[in-house]
Amino acid sequence: MVIQRWQSVLLFITVVAMAAFSLLSLGQIQLPDFTLDFTALGFYIEGISTNGSASGYYMYTLPLFIVSIMSAIIPLINIFLFRNLRLQKSLCLIGILFILAAVSIGCGYGYCTFAETHVSWSSLIIAPFIAIIATIMAYSRINSDQKMLKAVDRIR
């Protein structure tokens, strides 16, 4: 019996989306003195300093970075657990929780860190939502494979 492995493709889409969310720019915040680039690792001061002012990271956001990287690593591990469907289903649910945590922490940092500022979000902000949809679809495919295997075992 051949099982279609579309869930591996969907989990890979989740890995790519959350890796992009973890490593690329999520938006910009304009402060009175300078502009900050918002990434999962922190707020980075844009531009090159010529007058001796500060440059580099303004503030680190390690909880967001750790949770977003974990939300990319869990589906990557999940791809290779195709022999254990129960564990694969559990890791899909854990991955969804990590993605939701990354979204909520990211929104918290984006909106609550600097008062009286506006965040101009990049289009990459939809990556977690794509990842959640792909993970839910992978979960349903894993569930249907598990049902199909149970039905074949009953026939034997």
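Lys147 counts as exposed, because its relative accessibility is 54% and the cut-off for exposure is over 50%. The structure described here is a predicted model. Lys147 belongs to helix α4, which spans residues 127-155. Between Lys147 and Ile105 there are 36 Å in space, C-alpha to C-alpha, and the two are 42 residues apart in sequence.

## Packing of α3 against α4

The axes of α3 and α4 cross at roughly 165° and come within 10 Å. Angles over 145 degrees count as roughly antiparallel, and α3 and α4 are therefore roughly antiparallel to each other. The crossing in which α3 passes α4 is left-handed.

On the α3 side, the residues that meet α4 are Leu85, Arg86, Gln88, Lys89, Cys92, Leu93, Ile96, Ile99, Leu100 and Val103. On the α4 side, they are Pro128, Phe129, Ala131, Ile132, Thr135, Ile136, Tyr139, Ile142, Asn143, Asp145, Gln146 and Leu149. By class, this contact of α3 with α4 comprises 15 nonpolar, four polar and three charged residues.

## Packing of α1 against α3

Helix α1 covers residues 6-23, and its axis comes within 13 Å of that of α3, with a crossing angle of roughly 25°. That angle makes α1 roughly parallel to α3, because angles under 35 degrees are classed in this way. The crossing of α1 past α3 is left-handed.

From α1, the contact is made by Leu11, Thr14, Met18 and Phe21, and from α3 by Gln88, Cys92, Ile99 and Ala102. By class, the contact of α1 with α3 has six nonpolar and two polar residues, and no charged ones. Gln88, Cys92 and Ile99 of α3 take part in this contact and are also listed among the α3 residues that meet α4.

## Thr14, a buried residue of α1

Thr14 is found in helix α1. With a relative accessibility of 0%, Thr14 counts as buried, because the cut-off for burial is under 20%. Neighbours within four places in sequence set aside, Thr14 is in contact with Pro75, Ile99, Ala131, Ala134 and Thr135. Of these contacts, Ala131 and Thr135 are also among the α4 residues that meet α3.

## The antiparallel sheet

An open sheet is formed by five strands in the order β4-β3-β2-β1-β5, with antiparallel pairing. At its edges stand β4 (56-60) and β5 (119-121), each of which pairs on one side only. On average, neighbouring strands of the sheet are turned by 25° against each other, direction ignored. Helix α3 (residues 85-112) packs on this sheet, where it touches β1, β2 (35-38), β3 (42-45), β4 and β5. The direction of α3 makes about 140° with that of β5.

## Strand β1 and its partners

Strand β1 (residues 27-30) pairs with β5 in the antiparallel sense over three bridges, and Gln28 has Ser120 as its bridge partner in β5. With β2, strand β1 pairs in the antiparallel sense over four bridges. In that pairing, Gln30 stands opposite Thr35 of β2. A hairpin through four residues joins β1 to β2.

In a regular strand, side chains alternate between the two faces of the sheet. In β1, Gly27 and Ile29 make up the covered face, whereas Gln28 and Gln30 make up the uncovered one.

Note on methods. Residues numbered from 1 in each chain as written. Predicted model: local features only at pLDDT ≥ 70, side-chain atom pairs only at ≥ 80, totals over all residues. Heavy atoms only, no water. Pairing = 2+ DSSP bridges. Helix = DSSP H or I, 4+ residues; strand = E, 2+ residues; numbered from the N terminus. Axes fitted to C-alpha atoms, helices over the stretch in contact; angles between N-to-C directions. Contact = heavy atoms within 4.5 Å. Parallel < 35°, antiparallel > 145°, perpendicular 65-115°, else oblique. Left-handed = near helix turned anticlockwise from the far one by under 90°. Nonpolar A, V, L, I, M, F, W, Y, C, P; charged D, E, K, R; others polar. Buried < 20%, exposed > 50% of the residue type's maximum accessible area, 1.4 Å probe, protein only.
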